[in-house]
Amino acid sequence: MIVLGIETSCDETGIALYSGDRGLIAHRLHSQVATHATYGGVVPELASRDHVRRVLPLVQDCLAEARLAAADIGGIAYARGPGLAGALLVGGSVAQGLGWALGCPVLGVHHMEAHLLAPMLEPDPPAFPFLALLVSGGHTLLVEVADIGRYRVLGESLDDAAGEAFDKTAKLLGLPYPGGPQLEALARDGGPGPFRFPRPMTDRPGLDFSFSGLKTAVVNAVRQANEDAATRAAIARAFQDAVVDTFAIKVRRALEQTGVRHLVVAGGVGANQALRDRLRQVAEEQGAVMACPRLAFCTDNGAMIAYAGYCRLVAGQRDVGSLDIRPRWPMDELRVPAPAD
């Protein structure tokens, strides 16, 4: 089966083709960073309109790259949620329309499950069971993964996601959108200095996260500090160190509690090199092996949607009835792939 993947959950239009025989055979991505940079964040209506313009041309580009015709598509997967409602509707509507025109099955997949499975696209994928740290702009989750569809959420953010904390801190420091990569770059110029921020919820049992208190500490530091470049770099470094330490402590606990020997780090914040280096060290100390998707597949992309959809479509799972997006969709509602009733 060749599966077309369509990702339109937020501000990136991702299209890909995945083959059960050949693996990933084509993918395209259009980022809306330039569109939203003027506003300092994603404007949902603008995101939806841009998806409308981009989806079908990118589908055509992927088919041309793979030297396939539309009739060669055997299934279509799209991001059903979580995400921005209008943006999800664009991808879902295109998927349903193409499925009807081509007479092939369609399936809406969970955006975070797709992130979780993105390392499976690499030459040396992780083995089940594994522990997954999913860190993106809208979600922070620690998940024990027994198999595809067999997930146990061990911990999650009780307020801001890690990506939101990065973006908001970057904005406080006067950095342009998107803030996460800009803050990481600035933090490289900052050495250990007078700033030390809290490692939230690490002084108590459990695996949940909270970043609102850390954000408040940064706000206070910015208000009281000088505005010179060295001070801004020191604050960025201290903030990133606090986030990295927090994740390291929680991941170590989770590895100890579950006893699994494989760790997956995925999602947009998972591209942060300081975080990757520290968690790889933690994994090695615990006798575990860490796997990450390539940097291009850390952010939203069609390849992860195509793969997650392929896994469920080949098991017989299908959409039934009309389009039903899920802007909010708890991951623990997912089940093992199975044919629709």
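This is a friendly chat about the predicted model shown above.

Me: What kind of model is this, and how are residues numbered?
Reply: It is a predicted model, where local features need pLDDT of at least 70, side-chain atom pairs count only at pLDDT 80 or more, and totals for chains, interfaces and linings use all residues. Residues are numbered from 1 along each chain as its sequence is written, and side-chain values use heavy atoms, with hydrogens and water left out.

Me: Ok, how many helices and strands does the chain have?
Reply: The chain has ten helices and ten strands. Both are DSSP runs numbered from the N terminus: helices are H or I with at least four residues, strands are E with at least two.

Me: And why is the chain called as compact as a globular protein of that length?
Reply: Its radius of gyration is 20 Å, close to the 20 Å that the globule rule gives for 341 residues, so the chain is as compact as a globular protein of that length. The radius is taken over C-alpha atoms, and the rule is 2.2 Å times the number of residues to the power 0.38. Along its principal axes, the C-alpha trace spans about 65 × 45 × 30 Å.

Me: Let's do sheets. What is the order in the one with E1?
Reply: That open sheet has five strands in the order E3-E2-E1-E4-E5, with mixed pairing. Two strands count as paired if DSSP finds at least two bridges between them.

Me: Which strands stand at the edges?
Reply: Strands E3 (23-31) and E5 (106-110) do, and each has a single partner strand, so one side of each is left without a neighbour in the sheet. On average, neighbouring strands here are turned by 20° against each other, direction ignored. For angles, axes are lines fitted to C-alpha atoms (for helices over the stretch in contact), and values run from 0 to 180 degrees between N-to-C directions.

Me: How do E1 and E4 pair?
Reply: E1 (residues 2-7) and E4 (residues 75-81) pair in the parallel sense over four bridges. Gly5 has Ala77 in E4 as its bridge partner.

Me: Which helices pack on that sheet?
Reply: Helix H2 (residues 44-66) touches E1, E2 (12-19) and E3, and its direction makes about 150° with that of E3. Helix H3 (residues 85-102) packs there too, touching E1, E4 and E5, at about 160° to the direction of E4. Contact means heavy atoms within 4.5 Å.

Me: And what about E2 and E3?
Reply: They run antiparallel and are joined by eight bridges. Together they form a hairpin with three residues between them. Tyr18 has Leu24 in E3 as its bridge partner.

Me: What is the strand order in the sheet with E6?
Reply: The order is E8-E7-E6-E9-E10, in an open sheet of five strands with mixed pairing. E8 (150-156) and E10 (289-291) stand at the edges, each with a single partner strand, so one side of each has no neighbour in the sheet. Neighbouring strands of this sheet are turned by 25° against each other on average, direction ignored.

Me: How many bridges join E6 to E7?
Reply: Six bridges join E6 (residues 130-135) to E7 (residues 140-147), and the two run antiparallel. Leu133 stands opposite Leu142 in E7. Helix H8 (residues 229-258) packs on this sheet, touching E6, E7, E8 and E9 (262-266). Helix H9 (residues 273-285) packs on the sheet as well, touching E6, E9 and E10.

Me: New topic! Where are the cis peptide bonds?
Reply: One joins Phe128 and Pro129, with omega about -5°, and Pro129 lies in the loop between H4 (111-117) and E6. Another joins Tyr177 and Pro178, also with omega about -5°. Pro178 is in the loop between H5 (162-172) and H6 (179-187).

Me: What about the phi of Arg67?
Reply: Arg67 has a positive phi of about 55° although it is not a glycine. You can find Arg67 in the loop between H2 and E4.

Me: Last one: which residues of the second largest pocket are closest to its centre?
Reply: Of its 23 lining residues, those are Arg80, Leu107, Gln317, Arg318 and Trp329. The largest share of the lining, four residues, comes from E5.

Terms used. On a 1 Å grid over the protein atoms alone, a cavity is a set of points where a 1.4 Å probe fits but cannot get out, and a pocket is an open set with protein on both sides within 12 Å along at least five of seven lines; lining residues have an atom within 4 Å of a point.
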